[in-house]
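Here are a few friendly notes to read alongside the model. Take them in order, with the structure open beside you.

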Amino acid sequence: MAILIENVTLPFSELRIPFWQAPEKGLYGVVGPNGSGKSQFFSLLYQELKVRHGTVVINERVGCVMQHPEHQLTESTVANELLWAFRGKKQSDSRWQQRVDQIVARWQLGSLWNQSPWTLSTGQKRRVVLAAYDLLNPDVLLLDEPTEGLDGFWREELKRWLISQELSRLTLVISHDWPWLLSFMETGFWCEKTLDSSATDLGKLWHHHTLSAQSPLEELWRDLLNRNAPVSFRGWIDAERALQQVVKLWNQVRHQ
Amino acid sequence: MESSAAPINPLVILQILFLGLIILFATNEAWLAGAEIVILFGIQYRYHIRMTRTELFGLILGPGLWALLAIVNHQDHNFSRALWDGLHFGCALWLSILIVHLSAPREMIHQVEKVLKKWLGPRAIIGQISLMALLVMRYIPELRITAKRVTTDVRMRRQLAGHKGYWKDRLRFLTPLVMISILRSELIAESIWARGWRAQIVPVVSKWNPRDTWITIASWVVFLLTWKVLI
């Protein structure tokens, strides 16, 4: 029982959590409308928010990349930002140095190493915080809107990194970026008034809950699914795959 | 209301207290609140500022009422949190009474503004600065959340790295707090300025003297040292 929340109601958002037990490992989305209490749920997990009623048991090393990277930058250089938490560690340790180098290379921070984090763009600031938590290697990693400010390249890189970490830790991701989530994540928890106790297929969650479509293709797909057409829930996120499925569907209709 | 026996320039006190208040309001650190009260009390004692019975009564009753209302009106305010809010209110009240007792150098402000306007453009510079100060006060609840987030992040990182940390880690929230205030205040200032607020009413006058300059320099040096070297 590493993380368990029972009979808790969060303040302000009034999100009810009757029972929620964290999965052991894997990638999970936490999805729901604005103001539904997703970020508050995270602050409960990283123990900033204290509740007076109910049970909250957290026996894991939790780390969080928050919605605003500015809240996590306290140093005058990117180098210090990554390393301040390891002040006691022997810098001469070659394995440690290798790990730092690896992470600096992964998040491409070499050229920013001696810059002030406050002179960086939002995407770069987020990369600095992501790198810091990559180095800290928590058992449970919480990512609150991690794609905000990241360009297409870094969204893909982040996705690749998260997939590579899937078996080694539990990662919970809050995002409204459905195509990005659906492109690599299988399941998630719906959060609206009540937090689901079990993870559900993200494609189904998208279909059942998201009301306004962000693109004509998404709208078409929702319409097809509402008409019980034999298309996959995630078909719309990749235009080429969507086209294949529509052509297949069209051929079926023609032959009937 | 009795005037001070040896008036210090209120701009100096404002600078010191303003920094202190930002820290005080933006954090939940009890030792900072204690430090702030000591500073306020010290200034009051040093400059022989006597308060009337009504003011002293207000200093006690106001925060008490605030705390009571906080307990009654908000289910999430537990007893200690409400008291804490009361303490904040008390310090703000204390500060405002001190400022009323002191006097401000209106002529000097006008002179400075005249010079600055000449070099930097037509805007009222001191007005802008006081606007920002006002806005930081206005956005204190948001800053408080910022400070709380930073402190949480620092705690998480220390725990993940596996060490207890140093005392100065408790001051880490200062950098993001100041930076976020600077980044936000300009935008918010525009919006309030557009609504017609002007910093025209400045309390009464005393001359700026070399002592004021030294205190100003010292307070900012201490602040910058804390920020840049220690943190």
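**Notes on the interface and the cores**

1. Let's begin where the two chains meet. Across the interface of chain B and chain A, the rule finds 2 salt bridges. Please keep in mind that this is a predicted model. One salt bridge to look up is the pairing of Glu81(A) with Arg157(B), whose closest N and O atoms lie 3.4 Å apart.

2. How much area do chain B and chain A bury between them? The figure is about 2700 Å², and 56% of that is on carbon and sulfur atoms. On the chain B side, Arg149(B), Arg157(B) and Leu160(B) lose the most area to chain A, and together they make up 30% of what that side buries. As for who takes part, the contact draws 29 residues from chain B and 29 residues from chain A.

3. Next, the overall build of chain A. You will find 9 helices and 10 strands in it. Of its 256 residues, 50% count as buried. The accessible surface of chain A is about 12400 Å², with 48% belonging to carbon and sulfur atoms. Taking contacts in chain A between residues at least 6 apart in sequence, 64% of them join residues at least 24 apart.

4. Now for the inside. In soluble globular proteins, nonpolar side chains tend to be buried together. Here the largest nonpolar core has 89 residues, and those with the most contacts inside it are Ile17(A), Trp20(A), Phe41(A), Phe42(A) and Leu172(A). Helix H4 of chain A, residues 122-136, supplies the largest share of this core, with 7 residues. A second, separate core is made of 5 residues, including Leu40(B), Met51(B), Cys91(B) and Trp94(B).

5. Last, the cysteines. How many disulfides does the structure hold over all chains? The count is 0. Is Cys64(A) buried or exposed? Cys64(A) counts as buried because its relative accessibility is 1%, under the 20% cut-off. Cys191(A) is buried as well, with a relative accessible area of 0%.

Terms used:
Residues numbered from 1 in each chain as written. Chains lettered and ligands numbered in written order. Predicted model: local features only at pLDDT ≥ 70, side-chain atom pairs only at ≥ 80, totals over all residues. Heavy atoms only, no water. Core = buried A, V, L, I, M, F, W, Y, C linked by side-chain atoms within 4.5 Å. Buried < 20%, exposed > 50% of the residue type's maximum accessible area, 1.4 Å probe, protein only. Helix = DSSP H or I, 4+ residues; strand = E, 2+ residues; numbered from the N terminus. Contact = heavy atoms within 4.5 Å. Areas by Shrake-Rupley, 256 points an atom, 1.4 Å probe, with all protein chains shown as cover. Disulfide = S-S within 2.5 Å. Buried area = accessible area lost by both parts, 1.4 Å probe. Salt bridge = Lys/Arg side-chain N within 4 Å of Asp/Glu carboxyl O.
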